[in-house]
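Dear colleague,

I am handing over the structure we spoke about, and I would be grateful if you could look through it alongside the notes below.

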Amino acid sequence: MFDIVSFLVQAIRLSAIFLFGSTGEILTEKSGHLNLGIPGIMCMGALGGCYGESLYISSLPVSASTSAPDLTLMNPFLAVLIPILTAILFAGAMGALYSFLAVTLRANQNVTGLTITTFGIGVTKFFIAPIKSQYQAGFSQASIFFRTGFPFASSLGDFGSLFFSYGCLVYLAIIVAVVASLILSKTRVGLHLRAVGENPATADAAGINVGGYRYVATIIGSAIAGLGGLTFVMDWLSGSWEYSIDGMGWLSVALVIFAMWKPNLSILGSILFAILYILPNYIPGIGFAARELMNMVPYFVTVLVLLFVSFQKKRENQPPASLGLSYFREAR
Amino acid sequence: MNSHEAVKKEVREPLFHIAKRDGIVWWKSWLIRLCAILIAFLLCGLLCVVMLRQNPLKMYASMFAGVFGTSRRIWNFLQETAILLCVSLAVTPAFRMKFWNIGAEGQVLIGGLTATACMFYLGGAGVPGPVIILVSVPLSILASIVWAVIPAICKAFWNTNETLFTLMMNYIAMSLVNFFIKIWVPTGTGNLPPLETGRFPVIGGQKSILTIIIVAVITIAIWIYFKYSKHGYEISVVGESANTARYVGINVKKVIIRTMVLSGAICGIAGLIICQGTNYTVNADIVSNRGFTAIIVSWMGKFNPFYMVLTSILVVFLQKGSSQVLTDFSLTGDGFSDIVTGIVFFFVIGCEFFISYRLIMRGKNGGKTDSGLSFGLWLEEKKRVLREKRGAKRSAQDAVPASEAGQKDALLSEPDGAKESLVHAAQEIDAEGSDGTEKITFANEELPPDTAADAAGARPDEAHEVNGEASPTETEGEDDHV
């Protein structure tokens with residue numbers, strides 16, 4: 001029997017990765033930067049999280065029996081908080097590197113972003129193996145803390161597992177998306193950010209610090225995307241590791257289009273993408289070939305949305321007007 | 001109107017400001033790029049010491065040995081370079097018209113898939129090899145063209161974002177390849193073993209020779225296409241400004257679609273070379289990110305086919321060399337070549353800034369930095385002058401106005417006589433104010449002058465003209481030093 005509740009629970013768990021990635025990318029794109037480095041940045045977030053967790057584990061007192069750090073002494077709060085902070089730090093640093101190249105040095109955004117992806121994936125592949133082999137047990141233990149939902153979830157039956165059974169990062173993803181949406185649409189800062197992305201020359205004339213906004217938006221956006229990488233490792237894979245994370249990064253970039261540059265729509269979009277992503281696993285008797293065709297669906301749907309948006313020509317659904325263009329005050 | 005030159009001494013000038021270069025001698029630009037690559041290599045050596053605790057000289061030696069060590073490695077290097085160059089040549093026409101096609105990965109993959117499909121089905125049906133090649137070449141090229149032209153049509157007619165569209169097409173292509181492999185190899189490893197019939201002929205005992213010939217022909221053909229054909233010229237015009245192109249009667253839609261057909265065709269050839277000329281099989285990773293690397297190769301080579309030969313040699317050298325480093329130092333992590341490539345790319349990307357812009361340091365060029373001065377800064381000064389002017393009106397009623405030329409000389413030779421010069425400046429503005437032009441824009445302090453002036457668009461033009469009256473010619477001679 002197809003268990004719809006556990007299916008949806010899995011989908012929402014997975015959606016957090018896409019949601020972090022796309023929220024981060026939306027903030028970046030709203031400032032006029034098409035950051036194609038998101039897959040690399042998500043990798044770096046995952047690496048940063050693992051690195052922070054390994055630092056925390058190695059700081060634990062050594063247990064007498066196994067002569068390894070005593071995992072039973074792990075503080076759930078610190079075991080979650082430290083990786084989050086290091087993931088933000090690593091991913092933010094990549095964002096800063098991107099901004100330096102694309103804002104200050106006015107390099108081509110596509111080229112810079114792709115290089116960030118190459119570099120981020122390379123660094124992660126290079127450093128993750130030694131960390132992972134040394135601290136695997138600790139990561140598994142920590143991922144339990146990451147995946148712990150509200151204690152009363154199990155007493156509420158299906159309702160509880162649908163709404164309260166997720167790990168902290170899933171709720172954080174939704175909160176971040178809602179906050180980002182409110183900031184973009186309701187605050188002065190959001191208005192300025194959108195102005196910078198739409199028409200930097202006019203924004204500059206109105207006294208908005210274009211470079212500053214672009215820097216901050218890209219760095220914050222990257223940090224948020226980095227949390228997606230952390231979610232992938234600690235929540236979805238339960239502390240293990242595989243390389244499919246960059247595919248998740250590209251899907252997040254696709255999701256930005258799907259959500260038409262709106263973080264609140266991105267919440268629904270990410271759940272839909274996650275459903276499409278895991279659906280082949282839940283269809284009984286599906287062949288390998290058909291499964292491959294189903295993997296195509298999220299990208300195909302994105303293309304359709306992209307086409308729909310461009311057919312419609314509705315102003316508020318369009319990409320930011322100066323997306324992909326560097327701004328130099330004196331260039332006309 | 002030289003008054004503000006003097007006032008600038010008062011305003012805190014930033015440490016440096018940035019101005020666009022008018023042009024740079026070609027050897028200087030290549031010197032900058034070479035320096036960037038050298039610095040990147042030094043940094044890689046430093047990382048080698050810090051991360052791997054190895055002698056960096058050993059790393060460089062290992063890189064060279066990995067690329068040029070044996071004749072097999074050299075042939076392999078040439079083959080890889082030719083393939084990467086082919087993909088780069090494919091993306092270049094589109095980039096020259098600022099169509100950001102990042103879907104070369106998928107376009108090449110579809111070409112390769114079609115070629116492999118021809119080998120698989122026709123070869124399986126007993127069709128002789130030469131016939132397979134005759135069928136597969138046009139079919140593969142056609143498949144790649146279709147893959148490339150779909151986003152182009154959407155861009156041309158509905159202005160769909162081509163970067164995102166082509167990116168998505170990559171993944172659809174990958175899923176298609178996985179789908180077909182699952183059909184062809186339903187059980188077992190899930191890898192299609194190299195197919196026997198329908199391979200490209202091997203010339204001179206090395207399969208790379210044919211590849212190199214094909215790619216060399218394409219390189220020269222593309223260069224001629226850009227340099228001497230009307231199409232090439234139209235591409236450049238569309239790249240500069242689609243509106244200009246429209247104005248001079250170029251059919252922009254046609255140019256976009258036609259260029260992407262060309263792009264797709266070359267991608268198809270690259271797919272043929274990869275699948276029918278090198279690996280004789282296909283999988284989703286067979287293009288191994290060349291579609292993305294090609295973008296960087298093409299961009300680093302300034303979209304010039306001959307420069308791109310150099311950049312693709314550099315990139316393949318980095319990748320081959322650093323994977324040899326990995327083997328020689330028996331490292332576990334396999335991301336090392338990506339790290340090295342990434343660092344070199346960062347430096348090359350960064351150095352372009354110093355080729356197209358120059359920094360003007362504070363205090364350099366005496367009082368002649370006007371041409372590079374940003375408009376906002378200039379406006380700040382202007383406001384200041386106006387504020388001073390009001391004071392000056394009251395306090396300096398009896399000052400004798402100096403002649404304009406004499407005033408300028410005095411100001412230049414006497415940078416510290418700021419107070420005095422302010423008075424002069426104020427008077428001059430006062431005098432100018434009577435003819436109206438200046439007063440209209442700036443006298444109204446309530447309205448933020450930045451907004452009004454900058455948004456008007458034409459204003460900064462005017463301002464610069466007035467501002468830099470004499471200076472462009474004066475500073476031009478000094479532009480070139482880096």
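What follows is a short account of the interface between two chains and of one residue in chain B.

Please keep in mind throughout that this is a predicted model. Chain A and chain B bury about 4,800 Å² between them, and 77% of that area lies on carbon and sulfur atoms. In terms of contacts, 51 residues of chain A meet 54 residues of chain B.

As for specific pairs, the interface of chain A and chain B holds one salt bridge by the rule applied, formed by the side chains of Lys182(B) and Glu292(A), with an N to O distance of 3.1 Å. Four residue pairs, with both residues at pLDDT 80 or more, are in polar contact between chain A and chain B. On the side of chain A that touches chain B, the elements that give two or more residues are α3 (76–104), α4 (109–147), α10 (245–258), α12 (288–295) and α13 (297–312) of chain A, and of these α4(A) gives the most, with 13 residues. Sorted by class, that side of chain A has 34 nonpolar, ten polar and seven charged residues.

Thr92(B) counts as buried because its relative accessible area is 0%, where the cut-off for buried is under 20%. With neighbours within four places in sequence left aside, Thr92(B) is in contact with Phe226(B), Ser298(B), Phe303(B) and Met308(B).

With best wishes

Terms used
Residues are numbered from 1 along each chain as its sequence is written. Chains are lettered from A and ligands numbered from 1 in the order in which they are written. This is a predicted model: local features need pLDDT of at least 70, side-chain atom pairs count only at pLDDT 80 or more; totals for chains, interfaces and linings use all residues. Side-chain values use heavy atoms; hydrogens and water are left out. Contact means heavy atoms within 4.5 Å. Buried area is the accessible area (1.4 Å probe) that two parts lose on being put together, summed over both. A salt bridge is a side-chain nitrogen of Lys or Arg within 4 Å of a carboxyl oxygen of Asp or Glu. A polar contact is a pair of N or O atoms within 3.5 Å; within protein, one must be able to donate a hydrogen and the other to accept it, and residues adjacent in sequence count only if both atoms are side-chain atoms. Helices (H or I, at least four residues) and strands (E, at least two) are DSSP runs, numbered from the N terminus. Ala, Val, Leu, Ile, Met, Phe, Trp, Tyr, Cys and Pro count as nonpolar, Asp, Glu, Lys and Arg as charged, and the others, Gly among them, as polar. Buried means under 20% relative accessible area, exposed over 50%, partly exposed in between (1.4 Å probe, protein chains only).
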